[in-house]
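Come along through the entries.

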Amino acid sequence: MNEYDNKARVFSDKPDVDELRHDYNRVRNELGWWLTRSEENRDVRYNLWPNKSDDGRKHGPEAWPWDNASDLEVFHTDNLITSSVAMLKSALKKANLIASPVEASDTANASLVTQFLRWLVFSQMDELNRESEVLANHILEKGLGILGVYWKREIQKNYKTLTMVTLMRDPDLATALQEADVAVIAEIMRGKDPSIVDEDLEEKIMEVLDGKANVKYTVNVITCNRPYLKTYELGKDILIDSNVMDLQSARSIYCLHWFTPEELKGKVHSDGWDQKFVDDAIENYTGDTPTVQQANSNLFPSRDNNLKQNYEGLVQVVCCYRREVDENGVPIMSMTVFTERGEEELYAIHETIQTVPAQFPFIAFPRESISQRLFDSRGWPELLRGNEYGIKTERDARRDQASLSTVPPLEYMVGRAPASIGPGAKIPVRRRGEIGYMEIPRYSPASTEVEQSLILQSYKMTGRPTDEADAVFANVQTQAMVDNWLTGWKQVLNQIWTLQKSYGDDKVWFRVTNNEKGVELLMDDTGNKYDIDLSWNTLNADEEKQLQKLEKVGTIMSQFDRSGQVDFGEFTRVFVESIDPNLATQLITPKETATQREEEETSADIAKIVSGQVVNAPPNANAELRLQVIENWLKGTEEIPGNDNQEKLEKNEGLQQRLQLYAGQLQHSIQQQKNAMTGKLGTPPGNVQATSLR
């Protein structure tokens with residue numbers, strides 16, 4: 001085993017690949033205990049054991065209690081994990097996402113950031129559904145899940161057609177064509193289109209000038225340019241020192257990736273990987289089974305049939321993220337890509353990750369925090385192992401009992417076994433009683449009671465209510481699990497926003513938000529910092545019960561709100577959010593925005609009325625605000641009085657009728673509200689709220 005390197009690591013422009021391989025092997029070997037525990041958890045969840053048969057029976061001379069005895073699968077733990085994974089995915093999808101500004105100056109843009117993040121994460125990141133499901137399974141099964149957050153930029157070469165028409169359409173190119181200067185034309189084309197990578201562009205232009213049709217040249221096309229998520233399985237495709245207290249305190253993290261030869265060649269153009277390294281990896285290591293998987297299979301030879309993974313045609317590369325310091329002692333994060341074996345001097349890329357503070361692009365999701373050590377988090381199979389085996393024992397016993405009851409063991413005289421037994425069989429005997437069934441143990445209903453007790457115990461351990469008495473505690477336990485899950489995703493979203501600011505295109509921001517402050521929001525390093533928050537109440541899973549509760553609250557507030565303290569606009573938002581948080585964001589407008597919209601719509605209606613159109617007042621509008629806008633239009637301001645509007649209204653009878661119709665409909669709406677209040681109070685309402693000292 002390699003020794004632990006306790007020296008300070010100083011960044012160098014050229015990595016020591018041999019030293020990286022030694023440290024990689026040391027970290028991998030130290031994770032053997034974690035792999036053992038993970039496979040034991042996997043065995044419990046998926047009901048794997050030695051000599052298991054497909055027919056649910058035990059076979060062979062070592063079968064106990066007898067050959068062909070029951071050997072049932074229970075999948076009790078698997079069912080609990082699967083249902084909780086579905087709930088965690090639903091919580092993430094339906095969670096209320098809010099970007100809260102850190103600085104007061106960013107308050108106005110917070111809603112735009114919220115809108116943009118919701119679009120980016122839930123609409124554009126296609127891998128979210130798959131990776132979140134895998135991550136939730138790792139958390140509940142193994143006790144720890146790790147999610148990588150990257151910026152994914154993929155570039156693919158493609159062809160464009162060059163014709164005389166396309167050259168003539170551009171004024172600059174058309175001018176250069178008159179002089180027939182091919183070099184100038186090529187220079188102008190490359191300046192206008194940086195994606196052009198064709199080295200023979202001048203020759204292609206000459207072919208067009210000579211009258212050749214369908215001349216094609218090569219360009220780089222960006223096929224993906226956005227944040228990207230990937231879930232890693234600890235010990236298999238991500239390796240971390242087992243002594244870490246927190247993921248960000250690790251000295252090195254090694255990720256294993258598998259690529260097709262075509263994908264590796266694409267990395268040369270998209271990510272700047274070394275061409276010699278790629279050629280060597282494709283030639284020597286395509287289809288080479290990774291040693292981490294070989295070591296894993298050697299640890300568990302009896303379960304080897306359940307761990308086979310096909311790497312034929314793929315090339316494994318190792319990506320090392322390492323904490324180092326530069327010559328000035330400034331902490332930095334380096335990233336180096338190499339192969340597990342091969343020439344020492346070959347590596348794909350070696351660079352620093354420019355983030356402040358220097359952080360690994362990974363988020364850890366522990367299921368629990370029972371100590372300061374990250375790896376102490378336990379999976380459900382560790383907690384439910386005894387219950388899983390106990391339920392299996394009771395079910396096997398009842399099945400064996402049923403088998404004995406159906407065909408009990410037969411007693412007969414030594415040397416005089418019956419030729420056959422069954423309905424209609426003829427069994428020769430000298431006297432009655434020579435052949436008969438053995439007395440079997442009586443069936444005990446306690447077996448079912450024991451199984452049910454074990455199931456209820458499992459439900460309590462995993463936050464499922466078993467009766468009304470523990471419903472509150474079960475909900476608190478489940479809510480804690482959801483909050484722990486969403487806390488990790490808050491870190492993910494903050495990392496996504498940081499990546500978007502660093503590498504994102506402001507044109508995408510403008511297209512999504514229709515806001516021209518995209519460059520300022522995405523590129524300003526001093527401001528525009530947000531705390532991304534995710535929240536979801538587990539009671540929302542029972543939609544009918546939640547709506548009933550909110551309806552009761554709404555009725556009580558409308559009856560007892562004496563001093564106007566209740567914000568019914570906020571209540572409406574909460575009510576709709578309980579059904580769908582994203583729907584609430586789309587349907588409910590903030591008060592300031594609603595007021596501004598009412599004023600703009602009223603001004604537009606006034607313009608239509610002045611132009612000669614008969615306009616009806618909209619239903620459910622803010623009638624008082626709209627009447628105030630009309631009054632302000634007629635009155636004007638001190639600097640610019642509205643005398644011309646008043647004069648126009650006095651002289652134009654049609655304008656008077658149209659405006660009176662519009663204002664009369666608004667007055668009628670106000671009167672209807674007063675009539676409703678009169679019916680409630682018994683007398684016409686006053687204009688001041690009643691005094692309430694309580």
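Before the strands, a working rule: two strands pair if DSSP finds at least two bridges between them. Helices (H or I, at least four residues) and strands (E, at least two) are DSSP runs, numbered from the N terminus.

Housekeeping next. The model is predicted, so I noted that local features need pLDDT of at least 70 and side-chain atom pairs count only at pLDDT 80 or more, while totals for chains, interfaces and linings use all residues. Residues are numbered from 1 along each chain as its sequence is written, and side-chain values use heavy atoms, with hydrogens and water left out.

**Entry: the sheet of 5 strands**

I looked up Trp-258 and found that its bridge partner in E6 is Gln-316. Strands E5 (residues 252-259) and E6 (residues 315-325) pair antiparallel over 8 bridges. They belong to an open sheet of 5 strands, in the order E4-E5-E6-E7-E8, with antiparallel pairing. I marked E4 (238-240) and E8 (349-353) as the edge strands, since each pairs on one side only.

Helix H11 (residues 275-285) packs on this sheet and touches E6 and E7 (331-338); contact means heavy atoms within 4.5 Å. The direction of H11 makes about 135° with that of E6. Angles run from 0 to 180 degrees between N-to-C directions, and axes are lines fitted to C-alpha atoms, for helices over the stretch in contact.

**Entry: the sheet of 3 strands**

Here I found an open sheet in the order E3-E2-E9, again written down as antiparallel. Strand E2 (residues 144-162) and E9 are joined by 5 bridges, and Gly-148 stands opposite Phe-362 in E9.

**Entry: H5 against H15**

H5 (residues 128-142) and H15 (residues 471-503) pack at about 130°, with axes 13 Å apart. The pair is therefore oblique: under 35 degrees is roughly parallel, over 145 roughly antiparallel, 65 to 115 roughly perpendicular, and the rest oblique. I listed the H5 residues that meet Met-481, Trp-485 and Trp-489 in H15, among them Leu-128, Ser-132 and Ile-139.
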